[in-house]
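Good morning. I will walk through one model, a few residues and helices at a time. Please keep the structure in view.

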Amino acid sequence: MNNIREQIKDKKRIVVKIGSSSLQHAETGDLDYIRLEKLVRELCDISNQGKEVVLVTSGAIAAGKQAVHLKTTEGQTQAESMAIKQACSAIGQARLMMTYQKLFAEYNQVAAQILMTKNTIVDNLNRYNAHNTFTQLLKMGAIPVVNENDTVATYEIEIGDNDTLSAIVAALIDADLLILLSDIDGLYTDDPRQNPNAEFIEQVDELTEEFMHMGKASTGSNVGTGGMNTKMIAAKIATSSDVDMIIANSKDIGVLHRLLSGENEGTLFVAHKDESFDLPEFVQNLHKNQ
């Protein structure tokens, strides 16, 4: 077995990201409770092993849309569309968190909610306070449940998607490992949905320009905002901040405990601390980087 995979067993502080397409039924857009329940059980079990775990979750806008029976969040104008999304998020975030709280309570686990925007990272005092809050919550044995604050975030202050957000959180809290649960097995040489000859890449030792360009290909899900491009940006943030990252398929949530026991699934991006990498500056220029 690959030695680096063996070392995954010893990771103590882990960030897990799950996308909206993994949390809902494709046919209806309603929450997939079986998957949610499995996810929460896995996270509680990781916590019971004495590890610290943070969940980055999407799904607020989708949950809100369902609650008020909206077919679409498109409005007459861009401003109206933004307002509809933000209103759906305000309704949906509370519902999503209530569902998580219930499920975590089944396993006697305390969950906490943290909502972030770009300003949480770019502003020095905000970043310092956020870091301290996370540290304290983990010390208390709570599992922070993180989302972007879509109710207030507009283009200027939005991070944009939760792949990037989860990598920012991992960097902020000095995590050892970031796991992106996605609707794809990992990184391929080309989009496997379109090219049957695309080859699977088990491990990326160094994130070259070539790899970054691979991410520019298409995104398969029409629910989430993140395609492979955002996952490569996440990999850049994580590996530069000395955090190993794995992309794995969420169709079986049990992949979490298999990864943490050193099994070879998904694509592993090996951490390479970059002393010149400046997280606040990178986040400030996020939309310009793409």
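Is Cys-44 buried or exposed? Cys-44 is buried, because its relative accessibility is 3%; buried means under 20% relative accessible area, exposed over 50%, and partly exposed in between, with a 1.4 Å probe and protein chains only.

Some ground rules. This is a predicted model, where local features need pLDDT of at least 70 and side-chain atom pairs count only at pLDDT 80 or more, while totals for chains, interfaces and linings use all residues. Residues are numbered from 1 along each chain as its sequence is written, and side-chain values use heavy atoms, with hydrogens and water left out.

Staying with cysteines, Cys-88 is also buried, at a relative accessible area of 2%. The structure holds zero disulfides, a disulfide being a pair of cysteine sulfur atoms within 2.5 Å.

Next, a helix pair. Helices (H or I, at least four residues) and strands (E, at least two) are DSSP runs, numbered from the N terminus. Two packed helices are described by the angle between their axes and the distance between the axes. For H3 and H5, the axes come within 9 Å and cross at roughly 55°. Axes here are lines fitted to C-alpha atoms, for helices over the stretch in contact, with angles from 0 to 180 degrees between N-to-C directions.

Which residues of H3 and H5 make the contact? From H3 they are Tyr-33, Leu-36, Glu-37, Leu-39, Val-40, Leu-43 and Cys-44, and from H5 they are Thr-99, Tyr-100, Leu-103 and Phe-104. Contact means heavy atoms within 4.5 Å.

Also in helix H5, which spans residues 78–106, is Ile-84. Apart from neighbours within four places in sequence, Ile-84 touches Leu-70, Thr-73, Glu-74 and Gly-75.

Now helix H4, residues 60–67. Its buried residues are Ala-60, Ala-62, Ala-63 and Gly-64, and they pack against H5 and strand S4 (143–148). After H4 comes His-69, with a positive phi near 55°.

Last, the loop between helix H2 (20–23) and helix H3 (33–48), where Gly-29 lies. Gly-29 is buried, since its relative accessible area is 17%. Beyond neighbours within four places in sequence, Gly-29 is in contact with Gln-24 and Gln-66.
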